[in-house]
Amino acid sequence: GNRVQAAVRKGHWKLLTDGTHAMLFDLRTDVMERNNVAARQPGVARELYVLLGAWQRSVDADARALAAAAR
């Protein structure tokens with residue numbers, strides 16, 4: 001399908017987005033990523049979501065700059 005997934009990791013925390021769903025995992029205790037702890041750690045989830053968004057914007061900006069340079 002056309003699912004869009006992205007992930008970011010900071011220390012032992014990993015945020016995975018799948019479409020509009022965000023899942024947060026504590027890799028210290030859950031290396032198989034089975035327990036979504038986003039509801040219990042909303043501050044951590046929000047912090048990683050912001051980091052992911054910043055990275056995505058920087059990649060998009062790089063791609064636009066390369067496309068403009070190629071014209």
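Two strands are taken to pair if DSSP finds at least two bridges between them. In this predicted model, β1 and strand β2 (residues 13-18) run antiparallel and are joined by 6 bridges. The open sheet comprises 3 strands in the order β1-β2-β3, with antiparallel pairing. Its edges are formed by β1 (5-10) and β3 (21-26), each of which pairs on one side only. From one strand to the next, the twist averages 15°.

Side chains of opposite charge can pair when their charged atoms come close. The model contains 3 salt bridges. In one of them, Lys-10 is joined to Glu-47, with 2.4 Å between the closest N and O atoms. Because Lys-10 belongs to strand β1 and Glu-47 to helix α1 (residues 42-70), this pair ties together parts that are 37 residues apart in sequence. Lys-10 is partly exposed, at a relative accessible area of 41%, and Glu-47 is likewise partly exposed, at 36% relative accessibility.

A salt bridge also links Glu-33 to Lys-14, where the closest N and O atoms are 2.9 Å apart. Glu-33 is located in the loop between β3 and α1 and Lys-14 in strand β2, so parts that are 19 residues apart in sequence are tied together by this pair. Glu-33 is partly exposed, with 27% relative accessibility.

Asp-26 and Arg-28 form a further salt bridge through their side chains, with an N to O distance of 3.0 Å. Within this pair, Asp-26 is buried at 10% relative accessibility, whereas Arg-28 is exposed at 57%.

Conventions:
Residues are numbered from 1 along each chain as its sequence is written. This is a predicted model: local features need pLDDT of at least 70, side-chain atom pairs count only at pLDDT 80 or more; totals for chains, interfaces and linings use all residues. Side-chain values use heavy atoms; hydrogens and water are left out. Helices (H or I, at least four residues) and strands (E, at least two) are DSSP runs, numbered from the N terminus. Axes are lines fitted to C-alpha atoms, for helices over the stretch in contact, and angles run from 0 to 180 degrees between N-to-C directions. A salt bridge is a side-chain nitrogen of Lys or Arg within 4 Å of a carboxyl oxygen of Asp or Glu. Buried means under 20% relative accessible area, exposed over 50%, partly exposed in between (1.4 Å probe, protein chains only).
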